[in-house]
Amino acid sequence: MNKKRPVNLEISTIKLPITALVSITHRASGVFLFAGVAVLLWVLDSSLSSEEGFAAVQDALASPVCKFIIWAVLAGLAYHLAMGVRHLFMDCGMGETLEGGRLGAKLALFAAVVLIVLAGVWVW
């Protein structure tokens with residue numbers, strides 16, 4: 001039995017590599033998208049219910065809070081898309097080495113930031 005095992009591992013002191021961080025946030029963005037799509041479907045249902053509902057949704061979408069919500073959902077979608085494409089490349093055998101994984105994570109993160117900024121420009 002190995003006596004040098006850590007007894008109390010404090011998770012806040014562990015420095016995760018970029019590949020782990022983008023993978024964890026990819027999963028979190030998927031959960032966020034699940035909730036965001038539910039909100040967007042509710043808004044769509046309200047807008048299709050009647051003329052008054054459409055007018056109410058149209059007025060609500062002009063507010064900065066709703067614009068921020070739309071941008072946040074689009075940002076989650078952009079991030080999840082970029083990281084999903086990264087995982088598809090890895091499934092094809094590209095970027096499986098340590099250095100390739102780091103480079104792929106950085107490139108996907110850069111692509112996600114660009115898409116998020118473009119989504120912000122489009123929404124506002």
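Predicted model: local features only at pLDDT ≥ 70, side-chain atom pairs only at ≥ 80, totals over all residues.
Student: At what angle do H1 and H3 cross?

Tutor: Axes are lines fitted to C-alpha atoms, for helices over the stretch in contact, and angles run from 0 to 180 degrees between N-to-C directions. Helices are DSSP runs (H or I, at least four residues) numbered from the N terminus. Here H1 (residues 18–49) and H3 (residues 64–91) cross at roughly 135 degrees, their axes coming within 8 Å.

Student: Which class does that give the pair H1 and H3?

Tutor: Angles under 35 degrees count as roughly parallel, over 145 as roughly antiparallel, 65 to 115 as roughly perpendicular and the rest as oblique. H1 and H3 are therefore oblique to each other.

Student: How do H1 and H2 pack?

Tutor: H2 (residues 51–61) packs on H1 at about 135 degrees, with the axes 5 Å apart. Contact means heavy atoms within 4.5 Å; Val43, Ser46, Ser47 and Ser49 of H1 meet Gly53, Phe54 and Val57 of H2.

Student: Which residues of H4 are buried?

Tutor: Buried means under 20% relative accessible area (1.4 Å probe, protein chains only). In H4 the buried residues include Gly101, Ala105, Ile116 and Val123. The buried residues of H4 pack against H1 and H3.

Technical notes:
Residues numbered from 1 in each chain as written. Heavy atoms only, no water. Helix = DSSP H or I, 4+ residues; strand = E, 2+ residues; numbered from the N terminus. Buried < 20%, exposed > 50% of the residue type's maximum accessible area, 1.4 Å probe, protein only.
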